[in-house]
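Hi,

Here is the structure I promised to pass on.

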Amino acid sequence: MTDGRGNRLRDSLVLLLALAPPDGRAIMRAMGHAGIPMQLCTVGDLSREVRVGVGAIVLAEESMSEAIVRQLVTLIEEQPIWSDIPLVILTTAKCDASEHWRRIRNAPSIRNATFLERPMRIATLLQAVKVALRGRAKQYHLRDQMREREQLLALSERNEQRLSAVLNNTRMAVFFVDDRQHCTFMNAAAENLTGYSLVEMQERSLHDTLHHTYRDGRPYPQHECPIDRAFPENNRTEGEEVFVHKDGHFYPVAFTASPIRQENVVVGTVIEVHDITKRKADTERLHMLMNELNHRVKNTLATVQSIFVQTLRGETISDDARERVISRVMALSRSHDLLTERSWVSASLREVAYRALAPFGATEDATGRLSITGAEFELHPKPALAIAMGLHELATNAVKYGALNVEGGSIDLSWELIPGDFLQLKWVERGGPSVEEPASIGFGRRLIERGLAYELGGEARISFHQDGVICEINIPTATTLVATKKGISDDASDFAERPKRPSG
Amino acid sequence: MTHRTLLKGRNVLLVEDEMMVAMLLQCLLEDEGCNVICAGFLERATLLAQERAIDVAVVDVNLHGEHSYPVVDALAARGIPFVFSTGYGGVDIRTLYPDRPVLAKPYNPHDLIAALSALIAAASGND
């Protein structure tokens, strides 16, 4: 048989089987005129030709020996379900009388045969051949449709196997729930996770079975459940919840609930769930370790402070110097707090500044003497510590010699992004005593102009003006800022709109 | 009244497991004229809190890995005022003892003196 649409020509090919010359030639000529493709075929070639593909077979009584009939019957019986090769058999009147022919006519296999008694008009033969080919074309059409369907079936079986291989081998628990939030499928991981089998869960409400109670024992009504909201809201929801195992224990899970749409109508929800007990425990442990580390740092700093104070007990050292050391140690300690709270990932510049300057009366709302304005930026831990220390030095200096030393003095700390990928911090003192550049460079100035600039990979400059000290610190954003999803700043755009305190 | 006069002659229980810090605070409080009773371990500190004559106390939250809650509970039972000193963020104790003052280590020694004086002043005011 032909392969699919590979050989349409063969599908309408008429085999002229062992036709003797006079008949054969006349028939060939006539069919040639009528445009019907044909081929002479010997008995020996019959099987092969039929297997390659054939539209109809024309044969004459005189060639139908017992051997040929047996071969024909075998070929016909071997045909696939859709195939019934039409035969056009040329007979003569005397055939009717022969026992051999009666057998042929009554053979159960030879049913799709047209018997044409010779002599006959050639047009009658052509008509019979065309009818046979038309019938045969229908058979081939049916065959093609069957094959297509078989291929689709095989494809969908392969897809289904693949899908179930994925579902049964993933460690993610997967549920399908219908439009009533009832479970219609769950995979092996889901059975493992929940303690229920698919049979037990089938047609039951997922929420009422797995998610019915809060950890504190209060009932968890379905309308409060974010997993079940995905369906009515037609929106993917994600989050963390606590499920109840079949044996009654609670376990924390992360879930994603995705509504399934068919032709834009939501028909159910796919829910993926995984156990996050370990992750929760790890986070808690990390938190504990972080706290412990902070505790050690604090105690070490307290010890350093104690060693300092006790070592210098009775020595002639000014109270001021003593106080400066202690306040520096405490400033270092405070900036560690912020980083511990954020798990040493990052710290907000605004908060770093606020914490460093709060002991000096800083306010976040620009109403006090020391105002802080600037958009939200996230700093890496080391620059955060460095900036906190620098601000502490500036503020200490302002209290002793600058704007915070006199009534009416004020300080504005602000920052903005400037060209060249720098974040520029500006410390501007106003209304303070007139300051002059000191002859020697103290610790605070060294820390800012050298240490801070070094630590940040940027520049820091302190200048002394009639009105007070101005310090500009340029920080390269690439190395000091933690990139957020929206870019380096969350709300840099609102910077310009933040109220600036009037200068005074 | 100044701090000095408030603290002079007072019995102060100092509960602290860091040797160096304890030494510093002891010196500091003795300079203020206090009689300082020191304890670095939970058991001894609790016993002292239950039995000794104490005017005011400084209690480190963590003593060799143990919480010092029994110490402060004993003090509270006797109506003795105290201030916490802690190296942690202090979140737990602020929830458990919301009304008690907390000093986060390292703190300025003057803040300790101020805190203790305030407690003494409040206690005298109640008398």
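This is a predicted model: local features need pLDDT of at least 70, side-chain atom pairs count only at pLDDT 80 or more; totals for chains, interfaces and linings use all residues.

Residues are numbered from 1 along each chain as its sequence is written, chains are lettered from A and ligands numbered from 1 in the order written, and side-chain values use heavy atoms, with hydrogens and water left out.

**The interface**

Chain A puts 20 residues in contact with 17 residues of chain B (contact means heavy atoms within 4.5 Å). About 1700 Å² is buried between the two chains, 57% of it from carbon and sulfur atoms; buried area here is the accessible area (1.4 Å probe) that two parts lose on being put together, summed over both. Of what chain A buries against chain B, 29% comes from His295(A), Gln310(A) and Arg313(A), more than from any other three residues.

Arg313(A) also makes a salt bridge with Asp31(B), with the closest N and O atoms 2.8 Å apart.

On the chain A side, helix H11 (277-311) and helix H12 (319-341) each supply at least two of the residues that touch chain B, and H11(A) gives the most, with 14 residues. Helices (H or I, at least four residues) and strands (E, at least two) are DSSP runs, numbered from the N terminus.

**The sheet and the hairpin**

Chain A has an open sheet of five strands with parallel pairing, in the order E2-E1-E3-E4-E5; strands pair if DSSP finds at least two bridges between them. E2 (38-41) and E5 (113-117) of chain A are the edge strands with a single partner each, so one side of each has no neighbour in the sheet. Five bridges link E4 (residues 87-91) of chain A to E5(A) in the parallel sense, and Thr91(A) sits opposite Glu117(A) in E5(A).

Elsewhere, E8 (residues 237-244) and E9 (residues 250-262) of chain A run antiparallel, joined by eight bridges. Glu238(A) has Thr256(A) as its bridge partner in E9(A). Five residues lie between the strands of this hairpin, where Gly248(A) takes a positive phi near 100°.

Cheers

Notes:
A salt bridge is a side-chain nitrogen of Lys or Arg within 4 Å of a carboxyl oxygen of Asp or Glu.
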